[in-house]
Amino acid sequence: LQAMIKAFRPAWAALGLLCFTNEAGATSLRRDVKAGSLCEFAEKEPLLSCKKVAAGGSSWNANLHEAWHQLCQDSQTSPYMEVFLDKRFKENYHHVYKSDGWADSAWVNYVAVKKSGGVFGKLTERLVESIHRFSQHPIIVVNFGQEAPEELSPRRFPRLVLLHARGFDPALRLSFNFNKLRAMLLAQAKVGASLDSDMLLVGPQADQLLNRTAEEITEKYRFPMMPTHFLDRDLRDKNSGKGNFLPYSCKNCPEPTMRWGQAQPTWTHWSFPFVSRWLTAKMKGRSQNGVPTDDIAEDEDLLNVALWSEGATKSWCAFQTGGINFLWENLYPQHPPGPYPYYEDPRYFPAGIPVAFWFGHAEKDPAHIDNALTFLSDSSRINTQPPKPFYHNMTFFASFKELKQAYPDLKCTL
C-alpha cells in the first residue's frame with residue numbers, strides 16, 4: 001500500500017486529491033537548512049522559550065506551560081520551542097498581540113522558502129492578501145527557514161505578524177509539515193486555525209470558523225477540530241463500494257471515532273497539551289497511548305490517529321475544495337459540485353459531506369490565484385447579494401443554521 005501511495009501521490013496532489021501542501025519543497029529544504037539556524041531578521045531575544053513561558057495567571061498561560069513542560073524536558077525537543085519576532089514587524093506585533101503577549105484569535109500559517117526563491121513565498125503572499133481583503137482577523141506566519149519570504153511586508157499587510165523558528169534537524173527524519181503543530185504552539189493565539197500556503201480565503205463568512213472554534217473547543221472539550229476529508233479512510237468501509245475510499249492503517253491503530261479529517265486544524269488554548277503530547281511522541285519516535293508514532297509519516301495522519309486514540313468526536317463540515325475553479329463553476333452560479341453524493345461514506349455521511357465554500361486549497365499557480373482575486377474584486381460581485389456559501393445534497397443554503405434545520409442529524413458542524 002505504501003508503495004502504491006508513493007507511486008500515485010504526484011497525480012493525486014496535482015488533482016487536489018491529497019493534502020501534501022508544503023511537502024514537495026520540504027525535502028530539499030531539510031537538506032538546505034541547518035539545525036539551529038535562524039533567519040537574519042529574527043530579533044536576538046525570543047518571544048517564547050523553555051525559559052520564558054509563563055506558568056500561571058490565566059488558563060491560557062497554564063495550558064501553554066503544560067504543553068511546554070512536555071517539550072522542554074528533553075534536550076532533543078527543547079531547542080525547537082523558541083520563537084522570535086521578525087524585527088521589521090514590531091509595530092504590527094503590538095497591534096495584533098495584547099500586552100500579555102497573546103493574540104485573541106488568528107489565522108496561523110507555517111512556511112519555509114529557499115534563497116533562490118520558489119513558489120511558496122508567492123503562495124503565502126496571496127494567502128495573506130486574501131486574509132486582508134476578506135477577514136477581520138490577523139494572520140500569523142511562522143517561518144521555519146533561514147530565508148524570510150521577501151513578499152511579506154509589514155506595511156502592505158498591517159494585520160500580519162511574521163515570526164521565526166528553527167527548522168528540524170535532518171537527523172530527526174521528520175516531514176516539514178510537522179512544523180504545523182509547532183506553529184500552533186508557538187503562535188501564542190488563544191484561538192487559531194491553521195492555513196496552508198496554497199489556500200485562499202474567498203469571503204468574509206469564513207471568519208465564522210474562528211468564532212465557532214471558541215464556542216466548540218472549551219475546557220469540557222479540548223481537542224482540535226478538523227474539516228471532514230473528501231477521502232473515506234476507514235478500513236471498516238473497504239467493501240462498501242461507496243465514496244472516495246483510500247484505506248489507512250497503522251500499527252495498533254485505534255478504531256476511528258469519526259471520519260478522517262483534513263489537516264487544517266482549529267484550536268483554542270485548551271488544545272495545547274494534546275498537541276504537545278503527540279508532537280513530543282513523534283519528535284522522539286516513541287509510542288503514545290500504545291500507538292507507535294515512528295512510522296506515522298505526516299501531520300494529517302498523526303492528528304487523525306491522535307484524535308481517534310483519545311476519543312474525540314467533533315469535526316467541522318468541509319470548508320475547502322480542491323483548487324479555486326469552484327468560484328466560477330459552483331459558488332457564484334450556484335451549480336452543485338460533483339460527485340453526487342458529495343464524497344459520501346456508508347457510516348457517517350451517506351448523503352454526502354456538507355461543504356462551506358470558504359477556502360480554495362491545493363492551487364499552486366500564483367497567476368491562477370491572481371485571476372481568482374481579480375474575479376472576487378469585480379464590482380459587479382462586490383455590490384450584489386453574495387451567493388449562498390453552504391451546500392449539501394444538491395441544495396445551497398445561506399447559513400449553516402438553515403442547513404442544519406434541513407438536516408438535523410449531521411455528523412459535522414460549522
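Which residue just after helix 9 takes a positive phi? That residue is Gly 311, with a phi of about 80 degrees. Before going further, a word on the ground rules. This is a predicted model, in which local features need pLDDT of at least 70 and side-chain atom pairs count only at pLDDT 80 or more, while totals for chains, interfaces and linings use all residues. Residues are numbered from 1 along each chain as its sequence is written, and side-chain values use heavy atoms, with hydrogens and water left out.

## Helix 9

Let us stay with helix 9 for a moment. Helices (H or I, at least four residues) and strands (E, at least two) are DSSP runs, numbered from the N terminus. Buried means under 20% relative accessible area, exposed over 50%, and partly exposed in between, with a 1.4 Å probe and protein chains only.

Helix 9 covers residues 299-309, and ten of its eleven residues are buried, so the helix is largely enclosed by the rest of the structure.

## Disulfides

Next come the cysteines. A disulfide is a covalent bond between the sulfur atoms of two cysteines; here the criterion is a pair of cysteine sulfur atoms within 2.5 Å. How many disulfides does the structure hold? There are three, and with the bonded cysteines of the chain numbered in sequence order, the pairing reads 1-2, 3-4, 5-6.

Cys 50 and Cys 72 form one of these links, with their sulfur atoms 1.9 Å apart. The torsion about the S-S bond is -85 degrees, and the link is left-handed. Cys 50 sits in the loop between helix 2 (23-32) and helix 3 (59-72), while Cys 72 belongs to helix 3, so the pair ties together parts that are 22 residues apart in sequence. Cys 50 is partly exposed at a relative accessible area of 30%, and Cys 72 is partly exposed at 23%.

Another link joins Cys 250 and Cys 253, with sulfur atoms 1.9 Å apart. This one is right-handed, with 105 degrees about the S-S bond. Cys 253 is partly exposed, with a relative accessible area of 27%.

Cys 317 lies in the loop between helix 9 and strand 10 (318-322) and Cys 412 in the segment after helix 13 (400-406), so the pair ties together parts that are 95 residues apart in sequence. Both Cys 317 and Cys 412 are buried. Cys 39 also counts as buried, at 4% relative accessibility.

## Salt bridges

Side chains of opposite charge can pair when their charged atoms come close. A salt bridge is taken as a side-chain nitrogen of Lys or Arg within 4 Å of a carboxyl oxygen of Asp or Glu. The structure holds 25 of them, including those in this table.

| Salt bridge | N to O distance |
|---|---|
| Asp 104 and Lys 190 | 3.4 Å |
| Arg 156 and Glu 129 | 3.1 Å |
| Arg 347 and Asp 237 | 2.9 Å |

Where do Asp 104 and Lys 190 lie? Asp 104 is in strand 2 (residues 103-111) and Lys 190 in strand 5 (residues 189-194), so the pair ties together parts that are 86 residues apart in sequence. Asp 104 counts as partly exposed at 36% relative accessibility, whereas Lys 190 counts as buried at 14%.

Arg 156 forms its salt bridge with Glu 129. Arg 156 lies in the loop between strand 3 (139-143) and strand 4 (160-164) and Glu 129 in helix 5 (residues 119-134), so parts 27 residues apart in sequence are tied together. Arg 156 is partly exposed at 40%, and Glu 129 is buried at 18%.

Arg 347 is in the loop between helix 10 (326-331) and strand 11 (355-361), and Asp 237 in the loop between helix 7 (208-216) and strand 7 (266-268), so their pair ties together parts that are 110 residues apart in sequence. Arg 347 is partly exposed at 35%, while Asp 237 is buried at 3%. Finally, salt bridges that share partners join Glu 125, Arg 126, Glu 129, Arg 133, Arg 156 and Asp 370 into one network.
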